[in-house]
Every structure is written in C-alpha cells, then in structure tokens.
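Reader: I would like to go through this model with you. Could you take me from the overall picture to the local details?

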Amino acid sequence: MAAAQGQFSDHSNGTEGTGSAEGGSVPSAFRTAVEALRAARLRPEIEIDPTPPPKKLAPYAYALEAAAVDGEDDLADGRLILLHDPAGHDAWHGTFRLVTLVRAELEPEMAVDPLLPDVCWSWLTGALEARGLSYGEASGTVTRAGSHYFGGLSERRPATQIEIRASWTPREGLGSVPDAAAHLAAWCDLLCQVAGLPPAAPGPLTGPGDPGPAAGVVSLPQRRGPQAR
C-alpha cells in the first residue's frame, strides 16, 4: 500500500517546511492532521505524492496529488488540499477545510448521460458517508468536456473528461483535529470509483477501526487507456 508523504506550508511567514518543530510556528492541530495524512495507508492502485500547496487560501496548507492506476495506465488523477485557519473561517464554519480536484477520461457515450453530474457528486458524498465521516458546508462543481479532432489529428478518437471540484469542512474531533487520514481514504475511494476500478475488499486502510469502502458501489466502466495529462 502507498503511504502519503510530503511537505506542508506555513504561509503566515511565507516559508515552507517538512513538519519539523523548527520555529514552533505551526499549530499543533494542523501538525497532527498532517502527520495523519502522511501515515495513511491506501489502496495499492493509488500512487500519491506531495505537491506545493496554495499560498493564499489559508494561513496553513498541505497538499497531495494522486493517481488511480492500472499497470502503467493512469485512469484518474486529482489533488487534495488540507487548509487550516486557527482563527476560524465564517464560510467554513470551522478551522479546517478540504479542497479537491478529481478528473478522469470517459467513454464518449457515457458523457451524454444527463444524470452523470448528479451521480458523480453523489460519489463524493457517498464516499465520505461510507466511512462514517461527518462534514459540513460541502460545495462544488461537476464539469464534463469533450474534444473532437480534425485535419491532421482526425485519426484520434474523441475524448471526454469529467472533472469534480469540491470542498467541505471536516468535523473536528479530539483536540480540535479532524480525522484527516479517513478523509484521505474516502477521497481515494472517490478517485478509484471515477477511474472505474472495482470497490476494494472491506478491511483496514487507515487504521483498525476503518470499515473500508462500502460494498455494492457502482463505478464507471474501466477506461480504454491512460489518463491524458
């Protein structure tokens, strides 16, 4: 299984670090949440790496990018960002916020389904609820875009992409810290579902109490080839 590693950024002073105690400027709640993300154990189909976090969304941020793979093919990819504002944020109704982008290439005939955006959004909320996670203030968009090729590119098959952009406020638990690892695991469930991978067998992914993804979840059919980047 893949382990999430990476860096986080303390934007209150414009510096980046690896999570050490140097300077002591990073709030303990944020540090604990980041350590949970780094320690999360994920499905073997997930390849995950750190990526530079945004610098203007919150005083503290940590970001990961991931891909759901089948052999050498990337079937879906995305980014998950953990934001923290110790002073709280009126729009979040909390001090933490998760922001995500997930995208995958679809079969052209699937993209014409008028229910596809609603189904994709339900996959996000369903992934969170399947792991028993409480959250609030969820918002986002589901976008589908198609490309048709002409002239010298006419031999290429039409391509259609689905893109989910969303954010939500995780419930804060003991020590005002959300269960960041479980939210990451739920997000990876969504990534695999959009990729068309079958649900994982129930079992611990982020800890002994993790029920694993829900059984009987309907995924998109598996892709024809690698995800274009």
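Reader: To begin with, what share of the residues is buried?
Author: This is a predicted model. Of the 229 residues in the protein, 46% are buried.

Reader: And the accessible surface, what does that come to?
Author: The accessible surface of the protein is about 11,000 Å². Carbon and sulfur atoms account for 53% of that surface.

Reader: How many helices and strands are there?
Author: The protein has four helices and eight strands. In sequence order, the pattern reads β-β-α-β-β-β-β-α-α-β-β-α.

Reader: Among contacts between residues at least 6 apart in sequence, what percentage join residues at least 24 apart?
Author: The figure is 69% for the protein.

Reader: Let us turn to helix packing. At what angle do H1 and H4 pack?
Author: The angle between H1 and H4, the latter covering residues 180–195, is about 45°, and their axes are 7 Å apart. That angle makes H1 oblique to H4.

Reader: Which residues make that contact?
Author: H1 contributes Ala 33, Ala 36 and Leu 37, while H4 contributes Ala 180, Ala 181 and Leu 184.

Reader: Is the crossing of H1 and H4 left-handed or right-handed?
Author: H1 passes H4 in a right-handed crossing.

Reader: A change of topic: how many aromatic pairs does the structure hold?
Author: The structure holds one aromatic pair. Its members are Phe 30 and Tyr 60, with ring centres 5.7 Å apart and planes at 40°.

Reader: Why does the pair count as tilted?
Author: Planes under 30 degrees apart would count as stacked and those over 60 as edge-to-face, with the rest tilted. The planes of Phe 30 and Tyr 60 are at 40°, so this pair is tilted.

Reader: Where do the two rings sit in the chain?
Author: Phe 30 belongs to helix H1, residues 28–39, and Tyr 60 to strand S4, residues 60–70. The pair links distant parts of the chain, its members being 30 residues apart.

Reader: Are Phe 30 and Tyr 60 buried or exposed?
Author: Phe 30 counts as buried because its relative accessibility is 0%. Tyr 60 counts as buried as well, at 8% relative accessibility.

Reader: Now the tryptophan. Where is Trp 92 found?
Author: Trp 92 is in the loop between strand S5 (73–89) and strand S6 (94–106). With a relative accessibility of 7%, Trp 92 counts as buried.

Reader: Which residues does Trp 92 touch?
Author: Leaving aside residues up to four places away in sequence, Trp 92 touches Leu 57, Ala 58, Leu 83, His 84, Asp 85, Arg 97, Glu 137 and Thr 169.

Reader: What about His 93?
Author: His 93 is placed in the loop between S5 and S6. Although His 93 is not a glycine, its phi is positive, at about 60°. With a relative accessible area of 59%, His 93 is exposed.

Key:
Residues numbered from 1 in each chain as written. Predicted model: local features only at pLDDT ≥ 70, side-chain atom pairs only at ≥ 80, totals over all residues. Heavy atoms only, no water. Phe/Tyr/Trp six-rings, centres within 6.5 Å; stacked < 30°, edge-to-face > 60°. Helix = DSSP H or I, 4+ residues; strand = E, 2+ residues; numbered from the N terminus. Buried < 20%, exposed > 50% of the residue type's maximum accessible area, 1.4 Å probe, protein only. Contact = heavy atoms within 4.5 Å. Areas by Shrake-Rupley, 256 points an atom, 1.4 Å probe, with all protein chains shown as cover. Axes fitted to C-alpha atoms, helices over the stretch in contact; angles between N-to-C directions. Parallel < 35°, antiparallel > 145°, perpendicular 65-115°, else oblique. Left-handed = near helix turned anticlockwise from the far one by under 90°.
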